[in-house]
Amino acid sequence: TEILRNRHRIYDTPTVVLAMEVLDNLPHDKVRTGSRKQLQQAEIYKRGNGIEEELFMPMDDPLLARIIQTVPSYVNHKHPTWIPSVACGIIEHVIRQRPNLGLAFADFDWLPAPDLIDTGNSRRTTWGHGEPIITDMEGVDYECYLHAPPHCDILFPTDFDKLGSFAKRSIESMKREGHVQVEKQGDFLQRYGSVHVQQTKSWLTGHTPLLHDFINCSVLTITPAPT
């Protein structure tokens, strides 16, 4: 009985999850619509000569299936799409485990095109919406992950509207309560940190890095329902 009481106490404990510039580095999955509108996921296979290639196979990942069922607009029928499967899985898990949840995820909502060096090599993977920037340890960008060396920094942009829809519908499907909001990082900082914004503002130009730098960032928040 004591164990059950402790579990219930932990389960209902107010919990806050913060992730600043984490979403861009989490694993993603590439999905497309194949023949007869069958969903396919990209997988990597190594040929006999050791060369890796990207192949699209019938989708059998249960997490991906739940994500697409929850937010069908993640699938674009014209071209492949990168889906933040691990980020969605984390959100789904913490909503289930902590009903009294507060959450703030901040990251890039848009990224510029990579600064490519012309190597004469053709792309080895299918381009997908939400394509990442892939940069090696020397600061060199690569067109696709199969061209890149093993150790690289991979940055994915996040579609915050879709991620917010997934969070909201996940809360509703679990019969939970909570307010989900997506906003630009500047608006978030003005709302919660206006004093700090003023303190970092240049008296000469009015520039403040909190608002005028990293304008390609958004914030997803989940606010627990009032008790």
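## Core and salt bridges at a glance

Let's start with one residue in this predicted model: apart from residues up to four places away in sequence, isoleucine 90 touches Leu26 and Phe105. Isoleucine 90 sits in helix α3, and with a relative accessible area of 35% it is partly exposed. From there we can look at the nonpolar core and then at the charged pairs.

**The nonpolar core**

- The largest nonpolar core is made up of 29 residues, and Ile91, Leu220 and Ile222 have the most contacts inside it.
- At least two residues of this core come from each of α2 (62-70), α3 (85-97), β6 (101-108), α4 (160-173) and β11 (217-224).
- If you skip its neighbours within four places in sequence, isoleucine 91 is in contact with Phe105, Leu163, Phe166, Ala167 and Leu220.

**Salt bridges**

- Side chains with opposite charges can pair up when their charged atoms come close.
- The count here is 7 salt bridges.
- One of them joins lysine 184 and aspartate 109, at 2.7 Å from N to O.
- Lysine 184 is in strand β10 (residues 178-184) and aspartate 109 is in the loop between β6 and β7 (133-136), so this pair ties together parts that are 75 residues apart in sequence.
- Lysine 184 is partly exposed at 36% relative accessible area, and aspartate 109 is partly exposed too, at 23%.
- Glutamate 53 pairs with arginine 47, with their closest N and O atoms 3.3 Å apart.
- Glutamate 53 is partly exposed at 24% relative accessibility, while arginine 47 is partly exposed at 43%.
- Aspartate 159 and lysine 162 also form a salt bridge, and here the closest N and O atoms are 3.2 Å apart.

Note on methods. Residues are numbered from 1 along each chain as its sequence is written. This is a predicted model: local features need pLDDT of at least 70, side-chain atom pairs count only at pLDDT 80 or more; totals for chains, interfaces and linings use all residues. Side-chain values use heavy atoms; hydrogens and water are left out. A nonpolar core is a set of buried Ala, Val, Leu, Ile, Met, Phe, Trp, Tyr and Cys residues joined through side-chain atoms within 4.5 Å. Buried means under 20% relative accessible area, exposed over 50%, partly exposed in between (1.4 Å probe, protein chains only). Helices (H or I, at least four residues) and strands (E, at least two) are DSSP runs, numbered from the N terminus. Contact means heavy atoms within 4.5 Å. A salt bridge is a side-chain nitrogen of Lys or Arg within 4 Å of a carboxyl oxygen of Asp or Glu.
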